[in-house]
Amino acid sequence: MIRRLIFIFGCMSVQAGFAQGPVSNVDRDIVFQSVNVIPMDRETVLKEQTVVVRNGKIVSIGTNVKPAANALVVDAKGKYLVPGWSEMHAHVPAIDDFGPMKDVLTLYLANGITTIRGMLGNAKHLELREQVRSGKVLGPNFYTTGPAFSGQSVKTAARGIEMVKEEKAAGYDYLKLLPGLTKETFPGIAKTSRELGIGMVGHVSFAVGVWAAIDAGYSSIDHLDGFVEAIVPGTDTLAEQETGLFGAWIAYAADTTRIPRLIKGLKDKNIRVVPTQAIAERWLSPLPASAYENDPEWKYMTAEEKKNWLNAKSSYVNNPKFNRERAEAFVKIRRKLILACQQGGVQLMLGCDAPQVLNVPGFATHHELKYLVDSGLTPYEALKTGTVNVASYLNKKDSGSIKAGNVSDLVLLAANPLENIGNTKTIEGVMIGTRWLPKSFLDSELKKLEK
């Protein structure tokens with residue numbers, strides 16, 4: 001009985017496709033009628049389909065499907081159904097209060113993101129992960145790293161090895177690496193992670209370098225960290241502070257003939273890449289802070305957060321090392337690297353590093369998709385980074401595309417994202433597992449989060 005009551009609110013009539021609250025399909029089918037399906041296992045649009053979802057699975061797709069008598073039918077004529085997106089570099093507050101954590105999950109879910117990988121975990125995140133899986137908390141499928149490995153948390157090689165064992169035993173999904181690891185502390189972490197089967201994700205420490213990270217078999221390298229340093233001649237003669245965040249101060253001197261070797265190294269080791277290009281295009285771009293201060297998504301952040309983020313942006317452009325032309329060169333070389341990954345067979349995964357400077361959870365993921373297209377990917381290729389590629393990475397054969405038997409993590413859009421990637425913002429509803437969340441409900445939840 002409890003399962004039957006969870007999240008069943010609002011109108012339940014057969015044509016209540018846009019009821020006011022979430023609707024569960026544990027006891028009844030949810031049917032998207034006359035919908036255009038973008039299956040994502042190929043670049044096409046299946047027009048005027050009927051998609052039937054039952055108990056968290058897609059059970060049928062076709063043009064001659066008759067809904068069950070008690071089904072909730074969503075009139076989706078003229079709309080587009082796509083797999084839910086994955087955000088693979090999310091930050092959920094690493095605190096003891098579930099309230100702010102749930103708020104961040106809502107921001108992601110309302111933006112069509114049905115899976116996240118939390119990149120700065122703690123013990124509370126393990127509890128939150130279980131509450132999401134059990135249905136007690138409404139949120140995206142949740143994977144989490146443990147507390148970060150950094151120059152502060154890992155002072156000795158022995159401590160690094162010990163932390164890997166602790167986090168594996170605790171049940172974290174991945175190990176998050178931050179800057180500050182050394183040639184003395186990193187090898188033990190890498191060796192133990194391989195032995196225990198828990199992947200390293202995140203930053204590449206300057207003292208370690210991208211080639212050692214590749215050799216160590218990172219699960220994913222995020223931010224393109226270490227990539228610029230790898231293609232700029234003479235980086236090994238510089239101190240870390242001379243290169244700037246992600247190589248921002250030296251990118252203008254990049255030797256693009258070095259890119260193919262880097263791409264081959266990544267592909268040969270099957271290392272995934274999460275670009276978080278939204279950080280570069282917004283925080284580390286040549287634009288002033290004023291270019292962002294009126295963004296509509298600011299209403300979901302506190303005045304203090306907005307102030308801190310705008311100050312961080314101003315500090316960057318006012319840094320004595322800042323040069324507009326070199327900042328433009330930094331953004332451009334990152335775009336070249338992203339396109340080279342795509343063309344070279346390195347699997348890109350969608351991630352934008354939010355909440356982080358100028359990046360609001362959920363909304364920033366749509367910015368990231370645009371920046372991927374700006375880098376030269378087609379809209380279809382950009383959408384794959386948050387669907388098909390992530391399903392491959394997570395080894396979830398029943399996700400990332402729309403077909404019978406797959407999980408029903410879906411987004412209903414008012415317009416075709418293959419024609420314009422900006423159409424990912426036209427969300428009419430989100431299906432997460434067994435629950436259909438219509439636009440009216442999502443809008444009401446977002447309204448509660450306005451500051």
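Reader: Which hand does the crossing of H4 and H5 have?

Author: Happy to start there, with the note that this is a predicted model. The crossing of H4 and H5 is right-handed. That label applies because the near helix is turned clockwise from the far one by less than a right angle.

Reader: Why is H4 called roughly parallel to H5?

Author: The axes of H4 (residues 157–170) and H5 (residues 186–196) cross at roughly 30° and come within 8 Å. Angles under 35 degrees count as roughly parallel, so H4 is roughly parallel to H5.

Reader: Which residues of H4 and H5 meet?

Author: From H4 come Gly160, Ile161, Val164, Lys165 and Lys168, and they meet Gly188, Ile189, Thr192, Ser193 and Leu196 of H5. By class, the residues of this contact of H4 with H5 divide into four nonpolar, four polar and two charged.

Reader: Now to H2 and H16. Why are these helices called oblique to each other?

Author: H2 (residues 98–110) and H16 (residues 439–449) pack with their axes 10 Å apart, at an angle of about 140°. Roughly antiparallel is kept for angles over 145 degrees, and roughly perpendicular for 65 to 115. H2 and H16 are therefore oblique to each other. Their crossing is left-handed.

Reader: What makes the contact between H2 and H16?

Author: On the H2 side there are Asp103, Thr106, Leu107 and Ala110, and on the H16 side Leu442, Glu445, Leu446 and Leu449. The residues of this contact of H2 with H16 divide into five nonpolar, one polar and two charged. Asp and Glu count as charged, so Asp103 and Glu445 are the two charged residues.

Reader: What lines the largest cavity?

Author: Its lining has 21 residues, and Gly84, Ser86, Thr115, Ser399 and Gly400 lie nearest the centre. Strand S8 (113–118) and helix H15 (388–394) each supply at least two residues of the lining, and H15 gives the most, with three residues. The lining residues of the largest cavity divide into eight nonpolar, ten polar and three charged.

Definitions and conventions
Residues numbered from 1 in each chain as written. Predicted model: local features only at pLDDT ≥ 70, side-chain atom pairs only at ≥ 80, totals over all residues. Heavy atoms only, no water. Axes fitted to C-alpha atoms, helices over the stretch in contact; angles between N-to-C directions. Helix = DSSP H or I, 4+ residues; strand = E, 2+ residues; numbered from the N terminus. Contact = heavy atoms within 4.5 Å. 1 Å grid on protein atoms, 1.4 Å probe; cavity = no way out; pocket = protein on both sides within 12 Å on 5 of 7 lines; lining within 4 Å.
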